[in-house]
Amino acid sequence: MSALTSLTKLLIEKQLTIAVAESCTGGGLSSLLTSQSGASEYFDRGFVTYSNQAKMDMLDVFEHTLDEFGAVSEQVAEQMASGAMRHANTDVSVSITGIAGPTGGSVEKPVGTVCFGFCILNRYFATTQSFTGERVQVVEASINFVLTTLINELSN
């Protein structure tokens, strides 16, 4: 069974809804989650907030958080997930913000650095992963990481 099928089955069985807030994946996770027939049972909405302004406008990310930690940070990822949860009123939210490349990286945050925020039944956490490869591989790895994390968390 594919990771997507496993996740959607869990969401439906547990009668949970999900919202996603994406930056570097540009809507790829939303597209994947809605590619299944019956997606309206579990998928509420997706926010594609590529710019800092969009993160502030649509997800209530604080400007001072962006200034202090940068868009690619666990602090921003957590605020993105929190904002998605508030605006969508779902059971689960996830956010992705990172540097897919090939440009945009720095010594502190090289290309492939991706931060994730999760809110699962009011439990918030954030994590940072480092992926390798071209832009497409970083985006795919980011989406796969979310699927795997959600399956693991919802299976408990």
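Tutor: Let's start at Asn 89, which lies in the loop between H5 and S3. H and S stand for helices (H or I, at least four residues) and strands (E, at least two), which are DSSP runs numbered from the N terminus. This is a predicted model, where local features need pLDDT of at least 70 and side-chain atom pairs count only at pLDDT 80 or more, while totals for chains, interfaces and linings use all residues. Residues are numbered from 1 along each chain as its sequence is written, and side-chain values use heavy atoms, with hydrogens and water left out.

Student: Okay, what phi does Asn 89 have?

Tutor: A positive one, about 55°, although Asn 89 is not a glycine.

Student: And is Asn 89 buried or exposed?

Tutor: Here's the idea: buried means under 20% relative accessible area, exposed means over 50%, and partly exposed is in between (1.4 Å probe, protein chains only). Asn 89 has 67%, so it counts as exposed. Now look at Gln 15, in the loop between H1 and S1. Gln 15 also isn't a glycine, and its phi is positive at about 55°. With a relative accessible area of 70%, Gln 15 is exposed.

Student: Which residues does a cis peptide bond join?

Tutor: Gly 101 and Pro 102, with omega at about 5°. You'll find Pro 102 in the loop between S3 and S4.

Student: Let's go inside. How do I read a nonpolar core, and how many residues has the largest one?

Tutor: In soluble globular proteins, nonpolar side chains tend to be buried together. A core here is a set of buried Ala, Val, Leu, Ile, Met, Phe, Trp, Tyr and Cys residues joined through side-chain atoms within 4.5 Å. The largest has 32 residues, and Ile 18, Leu 29, Leu 33 and Phe 118 have the most contacts inside it. Two or more residues come from each of these elements: helix H1 (3-13), strand S1 (18-22), helix H2 (28-33), strand S3 (92-98), strand S4 (113-120) and helix H6 (135-155). H6 gives the largest share, nine residues.

Student: What is Ile 18 in contact with?

Tutor: Contact means heavy atoms within 4.5 Å. Leave aside neighbours within four places in sequence, and the partners of Ile 18 include Leu 11, Leu 33, Phe 43, Val 92, Val 94 and Leu 150. There's also a second, separate core of 11 residues, with Ala 19, Leu 66, Met 80 and Ala 84 among them.

Student: How do I read two helices packing, and at what angle do H3 and H5 cross?

Tutor: Picture each axis as a line fitted to C-alpha atoms, for helices over the stretch in contact; angles run from 0 to 180 degrees between N-to-C directions. The axes of H3 (residues 52-59) and H5 (residues 74-88) come within 9 Å and cross at roughly 35°. On the H3 side, Lys 55, Met 58 and Leu 59 take part; they meet Val 76, Gln 79, Met 80, Gly 83, Ala 84, Arg 86 and His 87 of H5.

Student: What kinds of residues are those?

Tutor: Five nonpolar, three polar and two charged. Ala, Val, Leu, Ile, Met, Phe, Trp, Tyr, Cys and Pro count as nonpolar, Asp, Glu, Lys and Arg as charged, and the others, Gly among them, as polar.

Student: Where is Thr 65 found?

Tutor: In helix H4 (residues 63-69). Thr 65 has 4% relative accessibility, so it counts as buried. Not counting residues up to four places away in sequence, Thr 65 touches Gly 70, Gln 75, Val 76 and Gln 79.

Student: Last topic: how many salt bridges are there?

Tutor: Side chains of opposite charge can pair when their charged atoms come close. The cut-off here is a side-chain nitrogen of Lys or Arg within 4 Å of a carboxyl oxygen of Asp or Glu. The whole structure has four such bridges. In one of them, Glu 13 pairs with Lys 9, their closest N and O atoms being 3.7 Å apart. These two are four residues apart in helix H1, so about one helical turn separates them. Glu 13 is exposed at 53%, and Lys 9 is partly exposed at 42%.

Student: Which pair links distant parts of the chain?

Tutor: Arg 86 and Asp 60, with closest N and O atoms 3.3 Å apart. Arg 86 sits in helix H5 and Asp 60 in the loop between H3 and H4, 26 residues apart. Then there's Glu 153 with Arg 123, at 2.1 Å between the closest N and O atoms. Glu 153 is in helix H6 and Arg 123 in strand S5 (residues 123-130), so this pair ties together parts 30 residues apart in sequence.
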